Amino acid sequence: MQVSSKTERGRPLVVVRGEIDHGNSSDLQAEIDKYMQGGETTLLLDLTDVTYIDSGGVSVLLSTVRKLREHGWLGAIRPNADVRRLIEIVGLKADNGFRIFEDLDSVDTPADKAAVAEPATNSGAETTDP
Amino acid sequence: MSLTGQSRCRRLTVSPEPARLTDIRRFVEDVGREIGLDDERVFDLKVAVSEACANAVEHSGGHHHPLEVCARLHDDRLVLEISDGGDFRVPGARRCSRRDDRGLGLPLMVALMDEVRIAKVRGGGTTVHLSLYL
């Protein structure tokens, strides 16, 4: 697993690649904790290149959501189908403190629309208010 | 097929260390591919076996009984048996539990597999049997 982080559009973005398991999840936790200790209320986690996750990684997501839930949220960018399935099984997908985004651009759409629990909609389907 | 039959199994023996979980997953992936499981089931199997092994690693208690993973193919199912020299424990009930979410392993095994059986071995140790119906 490789973890790096940067600030993206004013929000911390932690980018993870590879496999998150019991042997390395504490590295991810440490990276996230750096921001949590800085008082961040929202955090983005790019999971695009995460190929595997088990309860070692899921427990990091759960504890982060628990800490952020009251004032903010944790946003997962583009988890693959397997990772998404695990997220669903543990009940994270329905959690107020957790959001899934198809890409970084959709993070900036209004929060109530961006909190995607639905399959990806195609970009041409956006509605315009009168 | 090489995995068929009660007495035939493909076996991997490793020391009970978190760093070996990667090797265990590669082993499980090879077994899954060999019998033609689809990607989703291979992933499920990797997670379930990892959870069983992580539990064994965490509760090896400083003993260095090897961790053994054995794959058996039956007519109707693939069974992965994870054996170790320690006792199966309920995470979180343990003094050195580090986080609040340690108890996810067993529920995940149950959610992802078709059958989960945990047996104490006479004389010490635990075997977790994870079955996937074919």
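Buried means under 20% relative accessible area, exposed means over 50%, and partly exposed lies in between, with a 1.4 Å probe and protein chains only. By that cut-off, B:Cys9 and B:Cys70 are both buried. This is a predicted model: local features need pLDDT of at least 70, side-chain atom pairs count only at pLDDT 80 or more, and totals for chains, interfaces and linings use all residues. Residues are numbered from 1 along each chain as its sequence is written, chains are lettered from A and ligands numbered from 1 in the order in which they are written, and side-chain values use heavy atoms, with hydrogens and water left out.

**Cysteines in chain B**
- A disulfide is a pair of cysteine sulfur atoms within 2.5 Å.
- The count over all chains is one disulfide.
- B:Cys9 pairs with B:Cys70, with 2.5 Å between their sulfur atoms.
- The pair links distant parts of the chain, 61 residues apart. B:Cys9 sits in the segment before β1 (10–14) of chain B, and B:Cys70 in strand β2 (residues 67–73) of chain B.
- B:Cys53 counts as buried because its relative accessibility is 0%.

**Chain A overall**
- Helices (H or I, at least four residues) and strands (E, at least two) are DSSP runs, numbered from the N terminus.
- Chain A has four helices and five strands. Their order from the N terminus is β-β-α-β-α-β-α-β-α.
- Of the 130 residues in chain A, 50% are buried.
- Contact means heavy atoms within 4.5 Å. Among contacts in chain A with a separation of 6 or more, 69% join residues 24 or more positions apart.

**Helix pair α1(A) and α2(A)**
- Helix α1 (residues 25–37) of chain A packs with helix α2 (residues 55–68) of chain A at about 15°, axes 9 Å apart. Therefore α1(A) is roughly parallel to α2(A). Angles under 35 degrees count as roughly parallel, over 145 as roughly antiparallel, 65 to 115 as roughly perpendicular and the rest as oblique.
- Axes are lines fitted to C-alpha atoms, for helices over the stretch in contact, and angles run from 0 to 180 degrees between N-to-C directions.
- From α1(A), the contact includes A:Leu28, A:Ile32 and A:Met36; from α2(A), it includes A:Val60 and A:Leu68.

**A:Pro12**
- A:Pro12 lies in strand β2 (residues 11–20) of chain A.
- A:Pro12 counts as buried because its relative accessibility is 3%.
- Beyond neighbours within four places in sequence, A:Pro12 contacts residues including A:Lys6, A:Tyr35 and A:Leu44.
- A:Thr41 is 29 residues from A:Pro12 along the chain, and their C-alpha atoms are 9.8 Å apart.
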